[in-house]
Every structure is written in C-alpha cells, then in structure tokens.
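Let's walk through this one together, a piece at a time. Have the sequence and the 3D view ready.

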Amino acid sequence: MSNCYLINGVNGGLGLSLANILLNSGHTVVGVSRSLPNTHEILGFDQFFYKKVDSYDVDEFQRIVEQLAISDIQLTHLVLNAGSALGLTDPTSSYKLDEIF
C-alpha cells in the first residue's frame, strides 16, 4: 500500500534522507522547506511534490494543507522534521497543529 507523507525540513539532513527512502519504497512525499532540496536525488521522482514554505509561517503552512485537501493527494502521515516545527517550542502551543489539521 502506498502512503503519502508530508515532511517539513526536506531540503537536507534527516528530512531529505527520509524522503529518499520513502520515495524509493514507492510512497508519495510532499516536501516542504524554506529552500529547494539541495540534491537532484529526490527531485526526479514523479511522486515527489515540493512546496516552498517557512514552517514558522503557520498561515502559509495551513494554506498548503488546504491545497492538498482539495487535490488528488491524500495525506496519510505527517513528519515534523524541521528544527522547531511550526514554532512549537512551547508544548502549550500545540493548539496550532489542531487548527491546521
């Protein structure tokens, strides 16, 4: 079964490696980051979709999720990989995730 993963911080390091593994396993990946991944390793996959966004910009992140909701892409997993995802450095701010999803 193919799943669809949204991964933030996909432009390098762990996020890029995870996206590569998932794509090579036949899954779909929606990658978001402030800059385009610094390798062509994942850009050649038909099932890789890239969106440029700063994860601290909750409104923009929400717009991307809303765009995906009306597209043919159905998310099954969320990987919050970027340094301080969505500005959630304080556990009491986790309500931001509830607002988006």
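This is a predicted model: local features need pLDDT of at least 70, side-chain atom pairs count only at pLDDT 80 or more; totals for chains, interfaces and linings use all residues.

Now look for its partner: glutamate 60 forms a salt bridge with arginine 63, and their closest N and O atoms are 3.0 Å apart. Arginine 63 has a relative accessibility of 40%, so it is partly exposed too.

Where do these two residues sit? Both are in helix α2, which covers residues 58-69, and they lie three residues apart, about one turn of the helix. Here's the general idea behind that spacing: an α-helix has 3.6 residues a turn, so residues three or four places apart point the same way.

Now zoom out to the whole chain. You'll find three helices and four strands, and starting from the N terminus they run β-α-β-β-α-β-α. Of the 101 residues in the chain, 40% are buried. How does the chain meet itself? Take the contacts with a separation of 6 or more: 51% of them are between residues 24 or more positions apart.

Next, find helix α1. It has twelve residues and reaches 17 Å from its first C-alpha to its last, close to the 16 Å expected at 1.5 Å a residue. Which of its residues are buried? They are Gly15, Leu16, Ala19, Asn20, Leu22 and Leu23. The cover over these buried residues includes the strands β1 (4-8), β2 and β3 (48-52).

Follow the chain past the end of α1 and you meet glycine 26, which has a positive phi, near 95°. Then comes histidine 27, in the loop between α1 (13-24) and β2 (28-33). What does its side chain reach? The side chain of histidine 27 comes to 3.0 Å from the backbone nitrogen of asparagine 3.

Methods. Residues are numbered from 1 along each chain as its sequence is written. Side-chain values use heavy atoms; hydrogens and water are left out. Helices (H or I, at least four residues) and strands (E, at least two) are DSSP runs, numbered from the N terminus. Buried means under 20% relative accessible area, exposed over 50%, partly exposed in between (1.4 Å probe, protein chains only). Contact means heavy atoms within 4.5 Å. A polar contact is a pair of N or O atoms within 3.5 Å; within protein, one must be able to donate a hydrogen and the other to accept it, and residues adjacent in sequence count only if both atoms are side-chain atoms. The expected span of a helix is 1.5 Å times one less than its number of residues. A salt bridge is a side-chain nitrogen of Lys or Arg within 4 Å of a carboxyl oxygen of Asp or Glu.
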